[in-house]
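Please take the sequence and the model together, and follow the strands, the helices and the ligand in turn.

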Amino acid sequence: ELTADLTGRHVVVSAGGTREPLDPVRYLGNLSSGKQGYALAVTAAARGARVTLLSANATLPDPAGVDVVHVSTALELREAALKAVADADAVVMAAAVADFRPAEYATGKIKKKDGVEPAPVALVRNPDILAELSAHRARSGQLVVGFAAETDDVLANGRAKLARKGCDLLVVNEVGGGKAFGRDTNSAVLLSADGAEAEIADGPKESLADAVWDAVVARFDKRV
Ligand code: PMT
């Protein structure tokens, strides 16, 4: 049964993985396919929301009835996010964002030279978009939801990340060993800034997405 419990809401979802270019043909990237973020966008639209999907390098087709903004780098994602959240009721950052980018971009393809060791790649920090959106809510009462991709000490790292990022909800999923990235299924623990913790059982990424929207709707209902 379809419940249109997001009717009248504008939600912003990020999906995919950023790419940080080294030269015209190379980049630092990650394994995100965009499936989890697209599942969030599709389920929100099915529940009646107006959806803006910020898509970083996903190769999935644009979902019907969703406004899609295509970006590539973390800096582009930040620009698009700051613009999109201006009138949003909720924002969910499911994209895998590079923490670092190459300090320099070579305008020509980097060449190997015989007998010369490759130069190390210097990196600089990218802005933390989730922390910024959490600290400067574009609207009062705006809900900010993050994801955490963890390979070990999943819960402890998740709890620390929730506090550090300052978001309302954090969806902690285990990655590595073939988990989460690229798959059609996912499981997670949903951590709340108010201390609540709930497990989301392994299942299709759409089911996990619906569980996230259930938690978001419950918080909207508490506020209004
Ligand atoms: O795309 P799929 O193949 O379906 O895989 C889904 C997924 C594993 C990518 C997804 O479920 C997920 O975990 N996304 C978050 C990945 C990530 O970047 O996690 P993190 O722990 O590094 O970052 C924590 C949070 O901060 C995330 O909400 C991230 O969007 C945000 N962040 C991180 C760095 C940064 N510079 N800016 C950010 O906003």
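Asp23 stands opposite Arg26 in strand S3. These two residues belong to a pair of strands, S2 (residues 20-23) and S3 (residues 26-28), which pair in the antiparallel sense over three bridges. Two strands are said to pair if DSSP finds at least two bridges between them. A hairpin of two residues joins S2 to S3. The names themselves come from DSSP runs, numbered from the N terminus: helices are H or I with at least four residues, and strands are E with at least two. The model is predicted, so that local features need pLDDT of at least 70 and side-chain atom pairs count only at pLDDT 80 or more, while totals for chains, interfaces and linings use all residues. Residues are numbered from 1 along each chain as its sequence is written.

An open sheet of eight strands has the order S5-S4-S1-S6-S9-S10-S11-S12, and its pairing is mixed. Strand S5 (67-71) and strand S12 (197-204) stand at the edges; each has a single partner strand, and therefore one side of each is left without a neighbour in the sheet. On average, with direction ignored, neighbouring strands of this sheet are turned by 20° against each other. Such angles run from 0 to 180 degrees between N-to-C directions, and the axes are lines fitted to C-alpha atoms, for helices over the stretch in contact.

Within the sheet, strand S1 (residues 10-16) and strand S6 (residues 90-93) run parallel and are joined by four bridges. Ser14 has Met93 of S6 as its bridge partner. Strand S10 (residues 169-174), by contrast, runs antiparallel to S11, with four bridges between them, and Leu169 stands opposite Ser192 in S11. S11 is also joined to S12, by six bridges in the antiparallel sense, with Val189 opposite Glu199 in S12. S11 and S12 form a hairpin with four residues between them, and Gly195 in the turn has a positive phi of about 100°.

Helix H1 lies across S1, strand S4 (50-56), S6 and strand S11 (185-192), and runs at about 160° to S1. H1 (residues 35-46) also packs with helix H5 (residues 205-223), at an angle of about 60° and with the axes 8 Å apart. H1 and H5 are therefore oblique to each other; angles under 35 degrees count as roughly parallel, over 145 as roughly antiparallel, 65 to 115 as roughly perpendicular and the rest as oblique. The contact (C-beta atoms, placed from the backbone, within 7 Å) includes Ala39 and Leu40 of H1 and Ala209 and Trp213 of H5. By class, this contact of H1 with H5 has seven nonpolar, two polar and four charged residues. Here Ala, Val, Leu, Ile, Met, Phe, Trp, Tyr, Cys and Pro count as nonpolar, Asp, Glu, Lys and Arg as charged, and the others, Gly among them, as polar.

Which residues come nearest to the ligand? Of the 25 residues around the ligand, they are Ser33, Lys35, Met93, Ile129 and Leu130; a residue is near if its C-beta atom, placed from the backbone, lies within 6 Å. H1, helix H3 (129-135) and strand S9 (143-150) are the elements that give two or more residues to this shell. S9 gives the most, with four residues. The shell around the ligand divides into 14 nonpolar, eight polar and three charged residues.

Terms used. Contact = placed C-beta atoms within 7 Å.
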